[in-house]
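Student: I have a structure open and would like to learn how to read it. Could you walk me through it, one feature at a time?

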Amino acid sequence: MTLALRSAPTSAGPRRPRRPRGAARNTTFIWLFLTPTVLLYGAFTVYPIISSYVYSLTDWNGFDTDRSFIGMANYREVLADPMFWSSFRLTLTFMVFAVPLQVLATLLLAILLNSPRMPLRKLFRTALFLPVVTTTAIIGVVMQFVFDPASGPVNLALREAGLVMDGIDFLGQSSTALGTTIAVYVWKWFGITLIYWLAALQTVPNEVYEAARLDGAGGLATLRHITVPLLKPFLVIITLLSIEASLQVFDLVLTMTGGGPFYSTEVIEVYIYRWAFAATIPRLGYASAAAVLFGLFIGLVGLLQLLAFRATRRTRGAA
Amino acid sequence: MSPARRNRRTYRRTWGGTLRRLPWWLAAAALAIGCLLWIYPFLWMIAASLKTSAEVFTKGLDLLPGNPQWENYERAWADAQFGKYLLNTVIVTVSTVVIVVVRCAMAGYVLARHEFRGRRVVMGVLVATLFVPAGYTIIPVVDLSQRLGLLNSQTGMILAMSGAANVAAILLYVGYFRGIPKELTESALIDGAGFATVFFRIMLPLAKPVTATVTVLTFLSTWNAFFLPLVFTFSRPDLRTVSVGMLAFVGENTTDWSGMAAAATISMLPVVALFIVLQRYFVEGIAGAVKS
């Protein structure tokens, strides 16, 4: 009944028998096109997400084939572990310091570099972008040497300038290790945020600036009343991208400090790695529970950002 | 526009004009110093790679080595096997980028331009997993690869990286393909072009800007990849990529600073050179991520 109704409006009598066949062939092609994604993404992203929930309910060392189901015991233990909360806090601290620093500093520089009156701006952009194309893990290792307390160039310069007597062990003491890691992280990824902002600024049409100038608006007034309001939606996207990136700092932290000294830079990923791969008796179930908990947290952050994004879109649509 | 510009040009020659531009030149000077400090770690690294070990310690701040020590490079290339690691990294990165671009473009095309049963489910799953960082799924990935016999192999590493979250790439393609007018494909369909022809001959070439973005971003993330190559090569040192090789190198030779610097330079130089040659594409590709 419904079928007849649906095919009625087509009314292309002679084409009718061919259509279903074409559609069927299309369906085959559609799924053929989706196959690589379904297989790869299914196996290496969707399946792992689901199975980490399953693992988190077991006690499993990775060697034995048998996993004993132990219910919520891993979660209780993770939540009771002060080290978990410490790494949770460190991950958040990392984000809270790195993201605003990166997003705002790059915005200011981008405004400067976007002006056609700025000399040598292409060259500056290249220099600032350079760290982005280098390998993070190698940067981490090189930075160990750059910040070396005895012969690293940073300490040599500080000593030559008479600022310190003995070298500062930037990565070797708990009080400075996290700050140094954040600084290197911001340095490493600064260029990418800068390009985001430059792209955003380019979307503001030149005529708008011309009109503002003709109306007698000065540089600062233009910035406040035109550039900044137009950039708001980009602020949300760029912050979103930066937050997501700041949660993935495993390579830099592991190669620069290894999570130390005294766990002072052990972000969540390093915590998971330590329990799953670096312990003498790996505890994959326990590590999975920690991963699930943090995954839920990231999902929540992502959801909030999505809502914020929707909200800015709506206001832009209304305006 | 032209009278305004001419006006400004004559204005520039006067003293007032020079004074007006002075703040910009001051800013440029400050930025120049800043940028020099910014890339100083690289300059230091290249300098250290040409020094003797003793010089690295005693003349740490001098950028010019007394007598270039090219054997540091020999040591890093052959003894520390960085030649091999570099080749591994190139193989893994190129394969991953090709697989990711092709699979994301195909999926994005189908999701954007075709109605089919299950479309909403596929989209739903993709959006739901948009915010899953790689580190949190590493345990099942390793376990699955082991059971499939893919752990400790280059193929496994490539497949696992190609399957990692590339949702953003698919969504970029979806957005782009949606904006292409229907007439374009309809005329081709009337001419008798098949499903695959429409995609490969018409749609994919049109999507070049998105392909540039996806290529650059995947290239950067794969070349940078560390966690996955690390756990995939625990028992196969010969498959290490440069990032993993670097960590192993300093683990074994803690005092060989010049060797470390040479190895780091070998690992970084190809990408930096590539970047400087293809800078426009890098910049446009990354800019594409926020524009759409």
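Student: How many helices and strands does the secondary structure of chain A come to?

Tutor: Helices (H or I, at least four residues) and strands (E, at least two) are DSSP runs, numbered from the N terminus. In chain A they come to 13 helices and 2 strands. Before we go on, two notes on how to read this. This is a predicted model, in which local features need pLDDT of at least 70, side-chain atom pairs count only at pLDDT 80 or more, and totals for chains, interfaces and linings use all residues. Residues are numbered from 1 along each chain as its sequence is written, chains are lettered from A and ligands numbered from 1 in the order in which they are written, and side-chain values use heavy atoms, leaving out hydrogens and water.

Student: Where in chain A is confidence lowest, and where is it highest?

Tutor: The score to look at is pLDDT, the predictor's confidence in each residue, from 0 to 100. Chain A has an average of 81, and 90% of its residues score at least 70. Its lowest confidence is in helix α1 (residues 2-7) of chain A, with a mean of 39, and its highest is in helix α4 (residues 82-114) of chain A, at 91. Over residues 1-20 of chain A, pLDDT stays under 50, and the model has 2 contacts beyond four places in sequence for them; contact means heavy atoms within 4.5 Å. Where pLDDT is low, the predicted coordinates should not be read in detail.

Student: What is the mean pLDDT of chain B?

Tutor: For chain B the mean is 82, with 90% of the residues reaching 70 or more. Helix α1 (residues 2-13) of chain B has the lowest mean pLDDT among the elements of that chain, 49, while helix α6 (residues 82-113) of chain B has the highest, 91.

Student: What percentage of the residues of chain A count as buried?

Tutor: Buried means under 20% relative accessible area, exposed over 50%, and partly exposed in between (1.4 Å probe, protein chains only). Of the 319 residues of chain A, 47% are buried. In chain B, helix α3 (residues 40-49) is mostly covered, with 7 of its 10 residues buried; among them are F42(B), W44(B) and M45(B).

Student: Which residues is D143(B) in contact with, leaving aside its neighbours within four places in sequence?

Tutor: D143(B) belongs to helix α8 (residues 138-147) of chain B and is buried, at 8% relative accessibility. Its contacts beyond those neighbours are with Y55(A), W60(A) and R67(A).

Student: At what angle do helix α6 of chain A and helix α15 of chain B pack?

Tutor: To get an angle, axes are fitted as lines to C-alpha atoms, for helices over the stretch in contact, and angles run from 0 to 180 degrees between N-to-C directions. Helix α6 (residues 136-146) of chain A and helix α15 (residues 242-252) of chain B pack at about 30°, and their axes are 8 Å apart. Angles under 35 degrees count as roughly parallel, over 145 as roughly antiparallel, 65 to 115 as roughly perpendicular and the rest as oblique. These two helices are therefore roughly parallel to each other. Residues making the contact include V141(A) and F145(A) of α6(A) and M246(B) and L247(B) of α15(B).

Student: Which helices pack at an angle of about 135°?

Tutor: Those are helix α7 (residues 119-128) and helix α10 (residues 167-178) of chain B, whose axes are 10 Å apart. They are therefore oblique to each other. Their contact includes M123(B) and L126(B) of α7(B) together with I170(B) and V174(B) of α10(B).

Student: What is the phi of L120(A)?

Tutor: Most residues other than glycine have a negative phi, and most peptide bonds are trans. L120(A), which is not a glycine, has a positive phi of about 60°. You will find L120(A) in the loop between α4 and α5 (121-129) of chain A, partly exposed at a relative accessible area of 48%. F262(A) also has a positive phi, near 55°. F262(A) sits in the loop between α11 (250-256) and α12 (268-278) of chain A, and counts as exposed at 74% relative accessibility.
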